[in-house]
Structure formats: structure tokens, C-alpha cells
Amino acid sequence: MSDRIDDLMYEAGLLADGCWDELDEYDKEAIHKFANLIIKECIEICIDYNWQGRVLGNRIKEHFGIENE
């Protein structure tokens, strides 16, 4: 997962003292997967829009460290 997603989790309070540590590995992975799915949905909207959307979608992938699929 990208540093940017970790930064956003911090801003959301998920990494507050003790909060993240109290979650089990399943919960942590689910939160990361949820963030990843939201990002991928946004990328798909960009790509479906037009060729410029594909460029933007690729930029979003780079920004969040999402692998090409």
C-alpha cells in the first residue's frame, strides 16, 4: 500500500494512538482493500470518460501506487 494511503488513514484518525494497534490483521487488510477499491472505481470513471481520462487514470494509479491490472 502506498505512503499516500497511509497518510490519509492518519488524517482520518485510523492511526491514532492505540486505534490501529487494536485491530487484527484481517481488519487492517480490509481497510487497505476498501481504500484500494475506492481508488480503482475512480480510475475506472476516468478511463471510461475518454482518452484523456485514461491519462488521468494512469496518473491516479501512480499517485496511490496502484498496480496495473
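This is a predicted model: local features need pLDDT of at least 70, side-chain atom pairs count only at pLDDT 80 or more; totals for chains, interfaces and linings use all residues.

Me: How many residues does α4 have, and how far does it reach?

Reply: Helix α4 spans residues 51-64, which is 14 residues. From its first C-alpha to its last it reaches 20 Å, close to the 20 Å expected at 1.5 Å a residue.

Me: Which residues of α4 are buried?

Reply: Gly53, Gly57, Ile60, Lys61 and Phe64 are buried in α4.

Me: Why are they on the same side of α4?

Reply: They lie on the same side because they cover an arc of only 100 degrees around the axis. In general, an α-helix has 3.6 residues a turn, so residues three or four places apart point the same way.

Me: And what is exposed on the other side?

Reply: Trp51, Val55 and Glu62 are exposed there.

Me: What do the buried residues of α4 pack against?

Reply: They pack against α1 (3-11) and α3 (25-49).

Me: What comes just after α4?

Reply: Gly65 follows, with a positive phi of about 70 degrees.

Me: Changing topic: which residues form the largest nonpolar core?

Reply: That core has 9 residues, namely Ile5, Met9, Trp20, Ile39, Ile43, Cys46, Ile60, Phe64 and Ile66. Two or more residues come from each of α1, α3 and α4.

Me: Which element gives the largest share?

Reply: The largest share, 3 residues, comes from α3.

Me: What is Ile5 in contact with?

Reply: Apart from neighbours within four places in sequence, Ile5 is in contact with His32, Ala35, Ile39 and Phe64.

Technical notes: Residues are numbered from 1 along each chain as its sequence is written. Side-chain values use heavy atoms; hydrogens and water are left out. Helices (H or I, at least four residues) and strands (E, at least two) are DSSP runs, numbered from the N terminus. The expected span of a helix is 1.5 Å times one less than its number of residues. Buried means under 20% relative accessible area, exposed over 50%, partly exposed in between (1.4 Å probe, protein chains only). The arc is that of the directions from the helix axis to the C-beta atoms. Contact means heavy atoms within 4.5 Å. A nonpolar core is a set of buried Ala, Val, Leu, Ile, Met, Phe, Trp, Tyr and Cys residues joined through side-chain atoms within 4.5 Å.
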